[in-house]
Amino acid sequence: MYLMWQWIQGLTRACRQSVGYQVNYNGSDQAEQEMVCLEPMGSERMEMRKRQMSVQQESAAGGTAPAQQDQPSQANPRGSNACCFCWCCCCSCSWNEDRDERNRKASYDVKEGTSDCEDCPNPTLEDVRTWGQSFDKLMCCPAGRNSFRQFLRTEFSEENMLFWLACEEFSKETNKSVIEEKARLIYEDYISILSPKEVSLDSRVREAINRNMPEPNLHTFDDAQLQIYTLMQRDSYPRYLNSLAYKNLLKPLSEQSPES
């Protein structure tokens, strides 16, 4: 019993100190002896975590997980896509096999009339003077929208006008399937936090859009469009009227006018 107690005490000390412990099975000098090396379980768990973190860091640096490196032919060719169910752009899924092709087609449909300036006749002096009377009159005139859009481009806020124009075109759509398609495109281009053209919306409006995206309709972006319209009116429009872009447009027309 005494030898057993000594053996237990030795094991306990070895565990605390993480050292080897000499075990004497028969209690004599000639007895068979062996070294028992003990290591706390906490250290093993820590090493395992370190190895896992190292593998994850190497995978992140290489852009491909080790399992995928061994099987390159099975890699996902679509990559990471914004989730079509939660609409928070924080997860990855493949909601459609030909999503890229659909996006290219839908992108052309929505942006064909808004990627470049709208076709319209040159503005008259009366037109340009009217733009200075109110923001509504400016936005009602295609030439006014073109001039204002070019000004926004210099301020790196052209996406506000692009979003407003996309919503205007979207509101005129009647085909349900096209409505869903264009709604997804507008969301990915201007609402998603992953988009370089994301517009500035408050949390209330953004959450309302997220709730409606599973079944979008013609009014899905109404609040967002109004908010961006108000933002342009209060923030960008006063600077536009004081800008060289507006003054340089107004001055030659005034000089050419018979009234002057």
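Helices here are DSSP runs of at least four residues and strands are runs of at least two, numbered from the N terminus. On that basis, the protein chain of this predicted model contains twelve helices and two strands. Colour the chain by secondary structure and follow the sequence: the order is α-β-β-α-α-α-α-α-α-α-α-α-α-α. Of its 260 residues, 34% are buried.

Select Thr 220 next, in the loop between α10 (203–212) and α11 (222–241). Thr 220 has a relative accessibility of 6% and therefore counts as buried. Its side chain reaches the backbone nitrogen of Asn 217 at 2.8 Å. Beyond its neighbours within four places in sequence, Thr 220 is in contact with Ile 209, Asn 212 and Met 213.

Turn now to the salt bridges, of which there are seven. Select Arg 239 and Glu 155, whose closest N and O atoms are 2.8 Å apart. Arg 239 is partly exposed at 35% relative accessibility, as is Glu 155 at 27%.

Move to Glu 169 and Lys 182, which form a salt bridge at 3.7 Å, N to O. This pair links helix α8, which holds Glu 169, with helix α9 (residues 176–191), which holds Lys 182. Glu 169 is partly exposed at 25%, whereas Lys 182 is buried at 8%.

Finally, select Arg 149, Arg 153 and Glu 158, which are linked in a salt-bridge network. Within it, Glu 158 and Arg 153 meet at 2.9 Å, N to O. Glu 158 is buried at 15% relative accessible area, while Arg 153 is partly exposed at 40%.

Notes
Residues numbered from 1 in each chain as written. Predicted model: local features only at pLDDT ≥ 70, side-chain atom pairs only at ≥ 80, totals over all residues. Heavy atoms only, no water. Buried < 20%, exposed > 50% of the residue type's maximum accessible area, 1.4 Å probe, protein only. Polar contact = N/O pair within 3.5 Å; in protein donor to acceptor, adjacent residues only side chain to side chain. Contact = heavy atoms within 4.5 Å. Salt bridge = Lys/Arg side-chain N within 4 Å of Asp/Glu carboxyl O.
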